[in-house]
Amino acid sequence: MQANDLHVLMDHVQAISVLVNHMTTSHLFSGVQGLPLHRPPFLTFCLLGRALSQMPANVEIKARVRDLDQLTSNAERLSGLPGSLLLQTDTFFSVPHGRLKLRDFRDGHGQLVFYDRPDTEGPKVSHYTISHTDDPAGLLAALSQALGVQGTVKKERRLYMVGQTRVHVDRVEGLGDFMELEVVLQPEQSPQEGEEVAQRLMAKLGVRQEDLISGAYLDLLQAGGQDSP
């Protein structure tokens, strides 16, 4: 990365610091002072002027896996296709609201993801914004200096698509095996409808209610592998 590019990137990072202080659970307020007059390519949630952006949403479920072979077999049967293997390193940054993470796919590509969801067991709505980057290493260095790092999660993810739902079978370094559902809500769907989709799919996959967890993988790592009560 050239020195001039780094200066531009740091200007954008300063904009992030200002912006995250104005975040709510479902949208970003306009009128933020200090934002650059152009939108960085890696930060699609930077809004200009008084524009208001509605963030897309998922209904999510996360659970521990008791029988990996059985879960994988069920997921492949429901999907009709073998899962896609994804290697992911997620670095979480210190922000006052929600969570901001940089996902490095370990192939020169990555995603900057902001999301906000409650830490509760069972189906929960997650509002999110994703921006792609071809320089995850450079972005990691800049954001780490600007915001500070909360922690890192490394995992191998097997992705299955079942209708509108992303089924993730994750092996998380330092934690073990987990399952995650992301029901991508359509514009006409309510969160309640998404929860019904998630509950039905959870039953078909053989996931038990007592295996559900409330927090993120980062929370579990910081708690020594124990879910919060």
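## Salt bridges and a helix pair

The side chains of Arg-66 and Asp-211 form a salt bridge, with N and O 2.8 Å apart; the term requires a side-chain nitrogen of Lys or Arg within 4 Å of a carboxyl oxygen of Asp or Glu. The model is predicted: local features need pLDDT of at least 70, side-chain atom pairs count only at pLDDT 80 or more, and totals for chains, interfaces and linings use all residues. Residues are numbered from 1 along each chain as its sequence is written, and side-chain values use heavy atoms, without hydrogens and water.

Arg-66 sits in the loop between strand E3 (57-64) and H2, and Asp-211 in the loop between H4 and helix H5 (217-222), 145 residues apart. Helices (H or I, at least four residues) and strands (E, at least two) are DSSP runs, numbered from the N terminus. Arg-66 is exposed at 54% relative accessibility, while Asp-211 is buried at 10%. Buried means under 20% relative accessible area, exposed over 50%, and partly exposed in between (1.4 Å probe, protein chains only).

The structure holds 12 salt bridges, including these:

| Pair | N to O distance |
|---|---|
| Arg-66, Asp-211 | 2.8 Å |
| Arg-157, Glu-180 | 3.2 Å |
| Asp-177, Arg-171 | 2.7 Å |

Arg-157 is buried at 3% relative accessibility, as is Glu-180 at 6%. Salt bridges with shared partners join Lys-62, Arg-157, Asp-170 and Glu-180 into one network.

In H2 (residues 68-79), Leu-71, Asn-74, Ala-75, Arg-77 and Leu-78 meet Leu-201, Lys-204 and Leu-205 in H4, where contact means heavy atoms within 4.5 Å.
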